[in-house]
Amino acid sequence: MTDKNNENAYLLRMNKHSQISVLQEIGFSSVTESTPAGDIAKYIRWSGGLLDLSFATLRIADGASMFFTTEEWNSLSANNRSKYLRIGLRIRADRRQFVIAKSDCIDDIGGRTFKWGAYGTDIRGVKNYGIGNRGLYETADGKQNTAAIIDVTAGIKDNNGIVGAPAAEAAKSYKACTLEQDGLEDKTGWYLPSEGELMIIAKYKVEINELLTSLSGSPNILTADWYWSSTEYDSFSAWSVLMNYGSVYTYSKSSAGRVRPVSAIDSLSLG
């Protein structure tokens, strides 16, 4: 069993008061004595595994974010479905919650890979995870990383002639829908995921791809290629995940990899 599986088994053996205390300690601050036992069981599952995947949508009337399980979405009439645009998937797993964009980034000429950029530069505000550094798989600072990368590299040419930070810029500028084509402008705060966030995506790739296929069709599923994270190794390389087996590698920042944007959801609640 994994460490998180062991934690879950331990949590289940505790009484309710102890379960609540531990869940609060690991980040589920919304859990209280009034939380139903059935919901506590869900939080325990969420603490060490996949709680659920749901469609992330924008309501056309006001742009509000709404989430639907497959069952909830299928229960809507065609007229009611037309009131929402599906922009990706919400994943709740391993003490994390965020939205995965419905497709990879594509550049202006149809290219599907992007260089990380900033070769030779140690980005201020982005922690390096080189040899011996712990916590790489737990990182969840992709939003902060992306902002720092773009800020430091704006308009600057690196040692290999790459201007700016193409991968981070592509993630930030990603649009799941546009006013011209869909009648609604996507104002979601997309960013380049951290290595920890990317590992969660890789861990549940099969389940994610099954739902993505029903959302947009197979062309938008996660491929077997490698994807960039926003986590640095050092000044010359950054971390990535090869999606076929979830393998973790570092690549030169001058290499070109795929980009799948994500968007943060800060509250760890079942609502």
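Biologist: Is Q97 buried or exposed?
Modeller: Buried: this is a predicted model, and in it Q97 has 7% relative accessibility. The cut-off for buried is under 20%, so Q97 falls in that class.

Biologist: Which strand is Q97 in?
Modeller: Q97 belongs to β4, which covers residues 96–101.

Biologist: And what is Q97 in contact with, leaving aside neighbours within four places in sequence?
Modeller: The contacts are W46, R90, I91, R92, I265, S267, L268 and S269.

Biologist: How many residues does α3 have, and what does it span?
Modeller: Helix α3 (residues 37–48) has 12 residues. From first C-alpha to last it reaches 18 Å, close to the expected 16 Å.

Biologist: Changing topic. In what order do the strands of the β7, β8 and β9 sheet come?
Modeller: The order is β7-β8-β9, in an open sheet with antiparallel pairing. At the edges are β7 (226–232) and β9 (247–252), each pairing on one side only. Neighbouring strands are turned by 35° against each other on average, direction ignored.

Biologist: How many bridges join β7 to β8?
Modeller: Four, with β8 covering residues 237–242. E232 stands opposite A238 of β8.

Biologist: Which helix lies across those strands?
Modeller: Helix α9, residues 195–203, lies across β7, β8 and β9. Relative to β8, α9 runs at about 10°.

Key:
Residues are numbered from 1 along each chain as its sequence is written. This is a predicted model: local features need pLDDT of at least 70, side-chain atom pairs count only at pLDDT 80 or more; totals for chains, interfaces and linings use all residues. Side-chain values use heavy atoms; hydrogens and water are left out. Two strands pair if DSSP finds at least two bridges between them. Helices (H or I, at least four residues) and strands (E, at least two) are DSSP runs, numbered from the N terminus. Axes are lines fitted to C-alpha atoms, for helices over the stretch in contact, and angles run from 0 to 180 degrees between N-to-C directions. Contact means heavy atoms within 4.5 Å. Buried means under 20% relative accessible area, exposed over 50%, partly exposed in between (1.4 Å probe, protein chains only). The expected span of a helix is 1.5 Å times one less than its number of residues.
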